[in-house]
Amino acid sequence: MLRALLRRWASYRYRFVPWIALHLRRKRRTIRYVPEKCKDKIISDEDVLETLLKIFKALFINDFGRQMDFFTLLPEVKSKYLELLAIEFKRSKTTGYNHQSQNIFNPEEVLFNTLGFSITRDRSSLISAGTGVFVTKGFVPKGAVVSMYPGTVYQKYEPIFFQSIGNPFIFRCIDGVLIDGNDKGISKAVYRSCSTRDQVGPFQMSDITWLTPVVQNPLAVGQYVNNCSHNKAANVCYQEFDVPEYFPIELKQYLPNITYSHDIPIPLRCVVLVTLREIKQGEELFSNYYTIVN
């Protein structure tokens, strides 16, 4: 009996501690059912990758003044972006901005200019739910990547006990991989330590700004998306994505995830939030915290 319960519990993807997950299991409106593990994806990995590359490249160009280390040490990167840089240089002359001193746009504006929408954290429309995530400008079409779930990625065998105590931001993937999206306390310290460990010279291999009030990757706020309720149906769902080995090194600085250890070389796990319908300006994002894979 105990083994059966553990197997059933293992099929849950949760953000809360297990006893809360078991309690809320009765609320069918807050559970998303997936017939098979392979059918958990709303959109293809290729579509996810295309979206991430598109917004990350736009952020990279917008952060022109901070990219000199890449251009100096990796001239092939400069060559690859030369045409885009020329376009941005012309734009900066027209608008009167200087790339060397500041960005042309803030990250939310880059997101809107690139994907047609922007999102931000704000007080949730749900009573006592705290912070939520809202579409603040434009609209998001159905089947689009609208956010990312940041945090340290733990394999099933890696230690996360102390980080998980009182932590409502532990996300469980279908295969048991855990992502700690807490931006405070031990979780914050662990992420910063891992990011420093993975830094290659002047090059950041992950984004640490999601730990601060001002993020450089405007998608990295997915840990604050609230669970759907009786009156607020889910309009986004979680989708797992493994970053391919050929992901451009200059764009890794915008990835809001990092592995806890490098004992075994495996692809970096990311989780994106994909829209289940069109979402208009002013709407809050709601997800299903609990997914059962039959």
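Tutor: Helices (H or I, at least four residues) and strands (E, at least two) are DSSP runs, numbered from the N terminus. On that basis, the chain has eight helices and 14 strands. This is a predicted model, in which local features need pLDDT of at least 70, side-chain atom pairs count only at pLDDT 80 or more, and totals for chains, interfaces and linings use all residues. Residues are numbered from 1 along each chain as its sequence is written, and side-chain values use heavy atoms, with hydrogens and water left out.

Student: In what order do the four strands of the open sheet come?
Tutor: The order is β7-β8-β6-β11, with mixed pairing; two strands pair if DSSP finds at least two bridges between them.

Student: Which strands stand at the edges?
Tutor: Those are β7 (170-172) and β11 (257-259); each has a single partner strand, so one side of each lacks a neighbour in the sheet.

Student: And how many bridges join β6 to β8?
Tutor: Three bridges join β6 (residues 151-154) to β8 (residues 178-180), and the two strands run antiparallel. Tyr 154 stands opposite Leu 178 in β8.

Student: Which strands does helix α8 lie across?
Tutor: Helix α8 (residues 185-198) lies across β6, β8 and β11, at about 75 degrees to β11. Axes are lines fitted to C-alpha atoms, for helices over the stretch in contact (heavy atoms within 4.5 Å), and angles run from 0 to 180 degrees between N-to-C directions.

Student: Changing topic, what share of the chain counts as buried?
Tutor: Of the 294 residues, 50% count as buried, meaning under 20% relative accessible area with a 1.4 Å probe, protein chains only.
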